[in-house]
Amino acid sequence: MKPVPRTSAGTRGAIVALAGALCVLSAGCASSQPADEGTPEASASGVAATADEGHSQHPASTPPSANEMRVTLLGTGSPVPSITRFGMSTLVQANGLNLVFDAGRGATTRLTQAGVPLGQIDGVFLTHFHSDHVNGLADMWLSGYIPALGGREGAFDIYGPAGVKNIGDGLVQTFRNDIDVRVADADVDPATTPIVSHEFEGDRVIFDRDGVAVTMFTVQHDPKNAIKPAVGYRVDYAGKSVLISGDTVPVDNVIRYGTGVDVLIHEVADFQDPSALPNVYAHHTNPRQAGEIFAKTRPEMAVYSHIVNGIPGRVPGIPDETLIERTRESYDGPLTVGQDLMSFQITDNEVQVSQT
């Protein structure tokens, strides 16, 4: 676990966590492995224990202390089916609440690896409706109502912009047969099977419980602003804060809501040859642009997630050190290239980064 002290912008160290190690950067320290071309060994080393071993020693398995927040990257990948970077999903824990932002491929597996009971998810917040952000949602909901796996008490709550209800209602209809037979078999309490959808419009607080507030704000996922809705989220608790950008090109709202946050999680996309996938490249934020955003917002820790970095066998990605170098053209503060199951503990004095 590496602490990042709360210091002035001029004296902050530049910190990057990569492949299970934390590197304090001067000229740069990183893996040469492109983000989506890892090894099975790297994936397996992400946690000290798995569900099969009966107990996780991941930091998320223990609730954070009073007046502290913890952020865990459940999945840091793109739509590419990767064994090292699962689909986009982020867990924020504060004051006894477990809040999940997006539910990409494998989010339920990562929650289990992190030791977070599937029946104790207090809400899932969706940034938009591309499949790689929602294709793990059904698993999270269904597994949570099976007593032996989750044992959820009450309904499954999902939050976000208009369209959330369509997803929730559609999942219930799709899995109606599963619900009916499990209830008929007395295997599942029917009260645990509904999905309750909470839809909102505009930039506003959409969740406020036990001192934990979640603000939804609009972002822009493509140059023509055709992909609507697309939102990001800011979570505040006890004077501490984290922002999750959602999929976006550079927009003012990330700067507006992200200035001075403790942890700013931003998506990023880059390739060896950006012209290989020009449409994909245009729908995201490249590292030089992200660096400019970090320089303006000055978070205690800037974090990359939803890392769009090539397609193995088709479009070469870039090494992490190149991603860092391009960010450093405009930003000199604390920076972490996210890895699945990496955690950030936000205290009164520091941001502690750990990858078990």
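Trainee: Which residues of α4 are buried?

Mentor: Leu137, Ala138, Met140, Trp141, Leu142, Ser143, Gly144 and Tyr145. Buried means under 20% relative accessible area, exposed means over 50%, and partly exposed lies in between (1.4 Å probe, protein chains only). α4 spans residues 137–145 and is called mostly covered, with eight of its nine residues buried.

Trainee: What makes a stretch a helix or a strand?

Mentor: Both are DSSP runs, numbered from the N terminus: helices are H or I with at least four residues, strands are E with at least two. One caution: this is a predicted model, where local features need pLDDT of at least 70, side-chain atom pairs count only at pLDDT 80 or more, and totals for chains, interfaces and linings use all residues. Residues are numbered from 1 along each chain as its sequence is written, and side-chain values use heavy atoms, leaving out hydrogens and water.

Trainee: Which residues in α6 does α4 meet?

Mentor: Trp141, Leu142 and Tyr145 in α4 meet Asp178, Ile179 and Arg182 in α6. Contact means heavy atoms within 4.5 Å.

Trainee: Why is α4 called roughly parallel to α6?

Mentor: Look at the axes. They come within 12 Å and cross at roughly 5 degrees. That angle makes α4 roughly parallel to α6. Axes are lines fitted to C-alpha atoms, for helices over the stretch in contact, and angles run from 0 to 180 degrees between N-to-C directions. Under 35 degrees counts as roughly parallel, over 145 as roughly antiparallel, 65 to 115 as roughly perpendicular, and the rest as oblique.

Trainee: What makes lysine 165 and aspartate 169 a salt bridge?

Mentor: Their side chains meet at 2.6 Å, N to O. The rule asks for a side-chain nitrogen of Lys or Arg within 4 Å of a carboxyl oxygen of Asp or Glu. The pair passes. Both residues lie in helix α5 (residues 164–174), four residues apart, about one turn of the helix.

Trainee: Why do residues four places apart point the same way?

Mentor: An α-helix has 3.6 residues a turn, so residues three or four places apart point the same way.

Trainee: Are lysine 165 and aspartate 169 buried, exposed or partly exposed?

Mentor: Lysine 165 has a relative accessible area of 44%. Aspartate 169 has 39%. Both count as partly exposed.

Trainee: Which residue forms a salt bridge with aspartate 180?

Mentor: Arginine 176, with the closest N and O atoms 3.4 Å apart. Within 4 Å is the test, so the label holds. Aspartate 180 is partly exposed at 40%, and arginine 176 is partly exposed at 34%.

Trainee: What does the pair of lysine 240 and aspartate 348 tie together?

Mentor: First the distance: the closest N and O atoms of this salt bridge are 2.7 Å apart. Lysine 240 lies in strand β13 (residues 240–244), and aspartate 348 lies in the loop between β17 (343–346) and β18 (350–354), so the pair ties together parts that are 108 residues apart in sequence. Lysine 240 is buried, with 2% relative accessibility. Aspartate 348 is exposed, with 56%. Elsewhere, salt bridges that share partners join Asp178, Arg182 and Asp187 into one network.

Trainee: How many salt bridges does a search of the whole structure find?

Mentor: Ten.

Trainee: What is the nearest side chain of opposite charge to aspartate 102?

Mentor: Arginine 105, 13 Å away. Aspartate 102 is buried yet has no salt bridge. For charge, Lys and Arg count as positive, Asp and Glu as negative, and His and the chain ends are not counted. Aspartate 102 lies in the loop between β6 (97–101) and α2 (107–113). Not counting residues up to four places away in sequence, aspartate 102 touches residues including Met88, Phe125 and His133.

Trainee: How do you know that β10 and β11 pair?

Mentor: Two strands pair if DSSP finds at least two bridges between them. Five bridges join β10 (residues 204–209) to β11 (residues 212–218), and the strands run antiparallel. Phenylalanine 207 stands opposite valine 214 in β11. The hairpin has two residues between the strands, and there aspartate 210 takes a positive phi near 55 degrees.

Trainee: What makes the peptide bond from lysine 228 to proline 229 stand out?

Mentor: This bond is cis, with omega near 0 degrees. Proline 229 sits in the loop between β11 and β12 (231–237).
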